[in-house]
Amino acid sequence: MKTRIAFISEHASPLAALGGVDAGGQNVYVGELARQMAKKGYQVDIFTRRENPALPRCLQWNQHIRIIHVDAGPPEPVEKELLLPFMAAFRDDMLAFIRQENIHYHLVHANFFMSALVAMELKSMLHVPFVVTFHALGRVRKLHQGEQDRFPPERIAIEQEVIRQADQIIAECPQDKEDLINLYHAPAGKITMIPCGVNTEEMYPVDRQLARMRVRLSQDEYVLLQLGRMVPRKGVDNVIRAIAKLPYAGKKIRLIVVGGEAEEPGKGPNPEICRLKQLAKELGIQASVTFAGRKGRDELKYYYAAADIFLTTPWYEPFGITPLESMACGTPVIGAAVGGIQYSVQDGKTGCLVPPHDPEALAEKIFTLLKDQQQLQEMGKQAIRRVQTLFTWQHVAHKMSTVYEHIITRHNVAVSATVLEDLSAIDKAFDSLMTAVALSRRQLRIPLRDAAHRMCRCLLQGKKILVCGNGGSAAESQHFAAELMGRFEIPDRPGLPVISLTADTALLTAWSNDFSFDDVFARQVRALGRKGDILLCISTSGNSPNILRAMEAAREMQITCINLLGKDGGDAAALGEINIIVPSASTVRIQEMQLHALHTLCMLVEQRLYTPRPAKETTQPVAASLTL
Ligand SMILES: O=C(CO)[C@@H](O)[C@H](O)[C@H](O)[C@H](O)COP(=O)(O)O
Ligand SMILES: [Zn+2]
């Protein structure tokens, strides 16, 4: 059987176009990882929110991967900051799919905190372990974006709880791991560092001249590339400011900005692009900056390869896939020394690191590198080498499958341990019941026979039986009365006068409320009992005061006391004419044996009084033939 993994990526579908505000690294991560895991033999279902009513419920992406569109919120794009309220619906619809298909997942891989919220709930309902890749952390975002962060404040508490409940946390770079530990107190042992990857079949070196021809860029200019989502935190303004500060480096310089959604009729252009265009204009460099818009993934390698240097200076970056893509295409990167960029870009080797929000520092590095073409070339080669050793998706999938297998094995062992524990507890309960049965069989035969005999004599004399007990024994009193007043195994016989003293709630509550609970049964014995009747007391301890008082009343009235007891019989044993004492110290076993004893008494009484005679009348007492 294949190992089945459920990926949850609530806002980032691998099918979504890249470059839009909410479409970025996570979409690529989920798609690429799923493809590599499928190659490794896993069956992967990717659950993502339906953003378009035309999408099928379940799309077979390839032989081993399905994309399931989950109905949660309106079937249209919704900003991820507004998605949290739809997560309950996401969980319910995902559960409905799982139940309908009757699937058992071995593991859930949650992406982003909202998916992890769903994974936590599935874990508690379906006992499926989960790993989480946060992709971004609320506390880090808050630190950098402050009031501009529009995620609901509950995000932090959810992330904190996810960290507690996750079976393993995937940190994407050393900084991510540090943030998890320092900002969330995540236990280091729960974190595995696995970077993002880059698809080297999609991103690979292309001859620069050819690449420039392909994307129609001049061969005579320096080309600097900025590529990614167009949101303020990506710091594209910082890059534009740096360009404005660059001294002449021997050739004209062109900055290409790739990204942003395609402009749709009726919808305005991306506000960040408008802001950036305005900035370039204000700085007087609009002629040197080309806003190329969104490009298809198959075109990106030409842009990367066409560039002399790739620039990325976000305020912060949980990982950052674009620097890796650029490196895979052999183009060195100047990146901000933040988040994952500090890990993927080796300063001075595969590119350079600069502080974020510092256009001077960036301009200086660009200038230095452009002037040293030999070093740039060497950095390009090193960049390719670094990607191929550390950042291929095959490498990522290999590390990830080790984590998956470890968790699945650990979970299976824990499940089998719990199952074994439960089975052993069940076995023990049966064993102890069997011991109680064996001992009782030996010790209760005679008192049971005597008790049945006395009951028959009492009933044949037109007398009655009163029964009482507390708690479980109260229930059995009523049970016993119902069997005899109604019927046990012989149909169509008259009812027998057996009354449970535990059934009159009005009397029981009034008498215990106004006088004493200790007298609730004695009071009824005195009112209902007559000489020659039987009082059957059921107690596991034999020490309940109301039982003892009832027996005292019975004895005063020459009512026979038969006791069904346990343990050492307690004080009741001294007051009973017949004591049936279950030989066990366990209240539970005593009660179970007492029920059996009561059924046995019913059987004996019924058989003795109403032996079925098919040829004749079946319900006549056989008193005449009884030897009392
Ligand atoms: O069923 C159970 C325990 O298994 C309890 O309800 C139990 O019957 C109650 O604690 C009784 O109050 C115990 O009274 P007794 O058997 O000692 O006379
Ligand atoms: Zn009980």
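**Exercise on the whole chain**

Determine what share of the contacts in the protein chain with a separation of 6 or more comes from residues 24 or more positions apart.

Solution. Begin with the term: two residues are in contact if their C-beta atoms, placed from the backbone, lie within 7 Å. Among the contacts with a separation of 6 or more, 67% are accounted for by residues 24 or more positions apart. The structure is a predicted model, in which local features need pLDDT of at least 70 and side-chain atom pairs count only at pLDDT 80 or more, whereas totals for chains, interfaces and linings use all residues. Residues are numbered from 1 along each chain as its sequence is written, while chains are lettered from A and ligands numbered from 1 in the order in which they are written.

Next, state how many helices and strands the protein chain has, and what percentage of its residues count as buried.

Solution. Helices (H or I, at least four residues) and strands (E, at least two) are DSSP runs, numbered from the N terminus. The protein chain has 21 helices and 19 strands. For burial, count the other C-beta atoms, placed from the backbone, within 10 Å of a residue's own: 20 or more make the residue buried, 12 or fewer exposed, and a count in between partly exposed. Of the 628 residues, 45% count as buried.

**Exercise on helix H18 and its neighbours**

Describe how helix H18 packs against helix H19.

Solution. Two packed helices are described by the angle between their axes and the distance between the axes. Axes are lines fitted to C-alpha atoms, for helices over the stretch in contact, and angles run from 0 to 180 degrees between N-to-C directions.

- Step one, geometry: H18 (residues 520-528) and H19 (residues 545-556) have axes 7 Å apart and an angle of about 20 degrees.
- Step two, class of angle: angles under 35 degrees count as roughly parallel, over 145 as roughly antiparallel, 65 to 115 as roughly perpendicular and the rest as oblique. H18 is therefore roughly parallel to H19.
- Step three, handedness: a crossing is left-handed if the near helix is turned anticlockwise from the far one by less than a right angle, and right-handed if clockwise. H18 passes H19 in a right-handed crossing.
- Step four, residues: H18 contributes Val520, Phe521, Ala522, Val525 and Arg526 to the contact, and H19 contributes residues including Asn546, Ile547 and Arg549.
- Step five, classes: Ala, Val, Leu, Ile, Met, Phe, Trp, Tyr, Cys and Pro count as nonpolar, Asp, Glu, Lys and Arg as charged, and the others, Gly among them, as polar. The contact of H18 with H19 has eight nonpolar, one polar and three charged residues.

Is H17 parallel or oblique to H18?

Solution. Helix H17 (residues 505-514) and H18 have axes 9 Å apart, at an angle of about 120 degrees. H17 is therefore oblique to H18. Their crossing is right-handed. On the H17 side, Leu507, Leu508, Trp511 and Ser512 meet Val520, Arg523 and Gln524 of H18. This contact of H17 with H18 divides into four nonpolar, two polar and one charged.

Which residues of H18 are buried, and what covers them?

Solution. Val520, Phe521, Ala522, Gln524 and Val525 are the buried residues of H18. Their cover includes strand E15 (465-469), H17, strand E17 (534-538) and H19.

**Exercise on ligand 1**

Identify the residues that surround ligand 1 and sort them by class.

Solution. A residue is near a molecule or strand if its C-beta atom, placed from the backbone, lies within 6 Å of it. The residues around ligand 1 include Asn470, Ser473, Thr540, Ile547, Val588 and Gln591. Helix H16 (472-485) and helix H21 (587-609) are the elements that give two or more residues to this shell. H21 gives the most, with three residues. The shell has two nonpolar, 10 polar and no charged residues.

**Exercise on single residues**

Are Ile194 and Arg216 buried or exposed?

Solution. Ile194 lies in the loop between strand E8 (191-193) and helix H7 (208-214). Ile194 counts as buried because 21 C-beta neighbours lie inside 10 Å. Not counting residues up to four places away in sequence, Ile194 touches Ile170, Val396, Lys399 and Met400. Arg216 is placed in the loop between H7 and strand E9 (221-227). Arg216 counts as exposed because there are 9 C-beta neighbours inside 10 Å. The phi of Arg216 is near 55 degrees, a positive value in a residue other than glycine.
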